[in-house]
Amino acid sequence: MHNFIYKRINTLDQATSAFASPAGSLAADQSRFLAGGTTLIDLMKLEVERPKAVIDINALPYKEIKKIEGAGVNIGALVKNSALANHELIQKEYSVLSEALLAGASAQLRNKATTSGNLLQRTRCVYFRDLSKPCNKREPKSGCSALEGFNRNLAILGTSSSCIASNPSDMNVAMTALEAKINIVSKKGNRDVDIADFYLLPGSTPEKETVLETGDFITGLTLPPLPAGTRSLYLKLRDRASYEFALSSAAIVATIKGGKFERIRMAMGGIGAKPWRSLSAEKMLEGGPASEDRFRAAAEEFVKGAKAQSQNGFKIELAKRCLVHALNQVAKA
Ligand SMILES: Cc1cc2nc3c(=O)[nH]c(=O)nc-3n(C[C@H](O)[C@H](O)[C@H](O)COP(=O)(O)OP(=O)(O)OC[C@H]3O[C@@H](n4cnc5c(N)ncnc54)[C@H](O)[C@@H]3O)c2cc1C
Ligand code: SF4
């Protein structure tokens with residue numbers, strides 16, 4: 001591992017100023033915030049990430065889950081994945097988030113990993129972590145080894161000829177179905193970004209994964225309130241039953257009245273360059289009966305435009321079955 005400067009900060013002002021001059025005169029993009037470290041430290045050990053300064057944010061106060069009367073719930077950036085999954089309010093009102101978190105990683109990792117760190121975890125494409133192979137995401141314009149290589153786990157939606165990596169997070173899929181807003185602070189001011197607009201598709205710049213600018217700090221996420229009677233589910237399909245990333249997953253958040261979907265939000269993981277949502281598939285279901293033939297039609301719509309690579313064509317059928325199964329479960333609940 002390369003030498004780096006370690007700095008622990010205690011205030012938000014220090015966080016937003018940290019990248020301006022973390023330790024003297026370093027260029028802004030040579031610093032990284034350290035939350036749980038389960039992504040960052042791994043990547044530093046592999047020398048995929050080589051920051052000159054590591055800014056430890058663990059002494060900052062964003063560790064609470066607060067109900068905002070009439071406006072949902074706010075989750076601090078540094079709330080641990082395990083604390084979020086096991087929180088009474090989350091289990092009661094946003095159980096899909098709890099299920100998604102508990103389907104991810106291991107108990108030890110969840111005790112360390114944070115909400116903001118999970119949002120910003122990096123792809124599991126093997127070439128991203130292998131310095132001996134070209135990877136446009138790690139080294140812009142170097143090439144994409146996955147196009148002709150091992151791509152079984154990678155994306156079928158939102159890819160480009162520069163990168164076919166998938167977003168690996170479970171939490172992000174549930175957050176997308178819940179229409180979370182990401183609370184961002186910087187020297188320029190505060191802004192809330194809808195999770196649907198937060199992740200960028202790879203296009204010709206796969207190294208740029210989100211709308212975050214250098215020096216932006218995430219303080220938390222806000223989940224809007226859900227209509228009374230909302231049902232939800234997270235279904236994760238993977239090669240083994242635990243401690244494995246999704247091949248396909250589905251988060252459903254729905255209100256059903258008189259056998260019809262009054263409101264439905266659906267997001268899928270494991271298949272997209274970002275957590276994937278299809279507004280047109282949701283529209284096909286809203287207002288109509290919750291029946292399997294309609295679920296199948298919506299699933300076809302959901303994967304419209306999917307592009308298979310040499311090894312991951314099976315994901316198109318898998319994703320459709322995953323969505324139909326999840327919808328059936330929610331409709332039956
Ligand atoms: C073996 C293994 C298995 C795993 N399995 C799964 C799985 O099945 N499903 C799943 O979803 N995940 C899985 N993960 C990923 C895990 O969930 C993430 O590593 C974790 O959530 C990252 O959180 P962290 O707090 O440790 O992030 P860190 O490593 O501390 O940070 C990650 C990135 O976020 C940035 N960052 C952190 N906080 C902020 C902030 N407040 N503002 C701005 N930038 C910030 C950091 O600078 C860094 O670039 C697995 C990880 C491992 C190692
Ligand atoms: S798919 Fe993306 S992350 Fe994987 S090798 Fe290609 S450019 Fe790199």
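# A guided tour of the predicted model

Select K141, which lies in the loop between α7 and α8. Helices here are DSSP runs of H or I of at least four residues and strands are runs of E of at least two, both numbered from the N terminus. This is a predicted model, in which local features need pLDDT of at least 70 and side-chain atom pairs count only at pLDDT 80 or more, while totals for chains, interfaces and linings use all residues. Residues are numbered from 1 along each chain as its sequence is written, chains are lettered from A and ligands numbered from 1 in the order in which they are written, and side-chain values use heavy atoms, with hydrogens and water left out.

Is K141 buried or exposed? K141 is exposed, because its relative accessible area is 73%; the cut-offs are under 20% for buried and over 50% for exposed, with partly exposed in between, using a 1.4 Å probe and protein chains only. Although K141 is not a glycine, its phi is positive, at about 70°.

Move to A146, which is also placed in the loop between α7 and α8. A146 has a relative accessible area of 1%, and therefore counts as buried. Display its surroundings: leaving out residues up to four places away in sequence, A146 touches C125, Y127, N151, L154 and I164, where contact means heavy atoms within 4.5 Å. A further point to inspect is V126, 20 residues from A146 along the chain, with 8.3 Å between the two C-alpha atoms.

Now select S162, in the loop that runs between α7 (115–119) and α8 (171–177). With a relative accessible area of 16%, S162 is buried. Not counting residues up to four places away in sequence, S162 touches N136, C144, G203, S204 and P206. Follow its side chain to the backbone oxygen of G203, which it reaches at 3.4 Å. Such a polar contact is a pair of N or O atoms within 3.5 Å; within protein, one must be able to donate a hydrogen and the other to accept it, and residues adjacent in sequence count only if both atoms are side-chain atoms.

**The two ligands**

Select ligand 2. Which residues are closest to ligand 2? C125, C135, C144, C163 and I164 are the closest of the 13 residues that surround ligand 2, a residue being near a molecule if one of its heavy atoms lies within 4 Å of it. C144 also touches S162, and both C125 and I164 touch A146. The shell of ligand 2 divides into nine nonpolar, three polar and one charged residues; Ala, Val, Leu, Ile, Met, Phe, Trp, Tyr, Cys and Pro count as nonpolar, Asp, Glu, Lys and Arg as charged, and the others, Gly among them, as polar.

Turn to ligand 1, which 30 residues surround, the closest being F33, G37, T38, L40 and T114. At G37, a backbone N or O atom lies 2.7 Å from an oxygen atom of ligand 1. At T39, an N or O atom of the side chain is 2.7 Å from an oxygen atom of ligand 1. At Q121, a polar side-chain atom lies 3.2 Å from a nitrogen atom of ligand 1.

Select S82 in helix α3 (residues 81–85). S82 counts as buried because its relative accessibility is 14%. Beyond its neighbours within four places in sequence, S82 is in contact with R110 and N111. The side chains of S82 and N111 are joined by a polar contact of 2.9 Å.

Continue to S98 in helix α5 (residues 95–102). Its relative accessibility is 5%, so S98 counts as buried. A polar side-chain atom of S98 lies 2.5 Å from the backbone oxygen of A85. Not counting residues up to four places away in sequence, S98 touches A85, I90 and Q91.

**Two further loops**

Select Y243, in the loop between β9 (231–237) and β10 (248–257). Y243 counts as partly exposed, because its relative accessibility is 48%. Y243 is not a glycine, yet its phi is positive, at about 55°.

Finish at G288, in the loop between α10 (279–285) and α11 (292–302). G288 is buried, because its relative accessible area is 6%. Leaving out residues up to four places away in sequence, G288 touches G259, K260, F261 and R294. Of these, F261 is 27 residues from G288 in sequence, with 6.0 Å between their C-alpha atoms.
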